[in-house]
Structure formats: C-alpha cells, structure tokens
Amino acid sequence: MKKIEATIRKSKFSEVKKALHEVGVNFFTYWDVTGVGNEKEGHVYRGITYSTSDIQRRYISIVVSDPFLEKTVEAILNSAYTGMVGDGKIFVMDVIETYRIRTKESGTDAVN
C-alpha cells in the first residue's frame, strides 16, 4: 500500500476530486493549508507582484493499494496542472499497515 500526499492549488480541487473519482479513488482526506515555496520573484499581474506562496492550497492525503498508485498519481498530475509556478507537489510513501476501525479489517481490505 502507498500513501499519496499532494499539495495543490485550491482552485484546482474540484477538477482533482473529479479525476480521482473517475479512476476509482472515492475516499481521501483534505485540508486547507498555506505554505512557502521556492519562488522568490512572485507572479506579476497588471504590474503588481504577488507572492506565489500566498496562493490558497489544498492538502490531500490518500492511501491506495499498489495497483492504484500510478493511475492515482496521473489523475492528480493531469487535473492539477496549470503549467505555472505554484502547481504543487506530490509525495508517495510506503504504508506498513492499515486498519478499518468499524470492521477490524486490515491490509488492502481496509483500504478498498
């Protein structure tokens, strides 16, 4: 199993959510967050420079079985993309074990 954590533009959340549902990911957790990035110059709009670290972000956490990893990451990459600074990041980690509290199932049974 893998845990996917993604920080995306809040404005792209609806598209990402739809793309995740289309590939069969129907459960995930998300938070509204703010962060600081590498961009030093910011984004210029009508002559005013805006800090790209101030773009509203959404942090998404998803646990998937290994066969779902690639298509889940691709769904996020394609739906969150704008091509501009501040599109976000995706991190993938190993998950040692998962438990569903209600049924006491474990492993991939608890994820699906």
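**Salt bridges and a nonpolar core**

Glycine 88 is partly exposed, with a relative accessibility of 40%. This value, like every other here, comes from a predicted model. Glycine 88 belongs to strand 6. In sequence, 31 residues separate glycine 88 from arginine 57. In space, their C-alpha atoms are 8.3 Å apart.

Charged pairs were examined next. Side chains of opposite charge can pair when their charged atoms come close. Seven salt bridges were found in a search of the whole structure. One of them joins arginine 9 to aspartate 87. The closest N and O atoms of this pair are 3.0 Å apart. Arginine 9 sits in strand 1, which covers residues 2-9. Aspartate 87 sits in the loop between helix 2 (69-80) and strand 6 (88-94). The pair therefore ties together parts that are 78 residues apart in sequence. Both partners, arginine 9 and aspartate 87, are buried.

A salt bridge also links glutamate 15 and lysine 12. Here the closest N and O atoms lie 2.9 Å apart. The two partners fall into separate classes of accessibility. Glutamate 15 has a relative accessible area of 41%, so it counts as partly exposed. Lysine 12 has a relative accessibility of 11% and counts as buried, because the limit for a buried residue is under 20%.

Arginine 100 pairs with glutamate 105 through their side chains. The N to O distance in this salt bridge is 3.0 Å. Arginine 100 is partly exposed, at 23% relative accessibility. Glutamate 105 is also partly exposed, at 29%. Salt bridges can also form a network: Lys10, Asp32 and Arg58 are linked in this way.

Attention then turned to nonpolar residues. The largest nonpolar core has 16 residues. Within this core, Ile8, Val16, Leu20, Phe28, Ile60, Ile62 and Ile76 touch the most other members. Several elements contribute to the core. Strand 1, helix 1 (13-22), strand 5 (57-64) and helix 2 each supply at least two of its residues.

Valine 16 shows how such contacts reach along the chain. Its neighbours within four places in sequence were set aside. Valine 16 is then in contact with Ile8, Ile60, Ile76, Ser79 and Ala80. Among these partners, Ile8, Ile60 and Ile76 are also listed with valine 16 among the core residues that touch the most other members.

How values were computed. Residues are numbered from 1 along each chain as its sequence is written. This is a predicted model: local features need pLDDT of at least 70, side-chain atom pairs count only at pLDDT 80 or more; totals for chains, interfaces and linings use all residues. Side-chain values use heavy atoms; hydrogens and water are left out. A salt bridge is a side-chain nitrogen of Lys or Arg within 4 Å of a carboxyl oxygen of Asp or Glu. Helices (H or I, at least four residues) and strands (E, at least two) are DSSP runs, numbered from the N terminus. Buried means under 20% relative accessible area, exposed over 50%, partly exposed in between (1.4 Å probe, protein chains only). A nonpolar core is a set of buried Ala, Val, Leu, Ile, Met, Phe, Trp, Tyr and Cys residues joined through side-chain atoms within 4.5 Å. Contact means heavy atoms within 4.5 Å.
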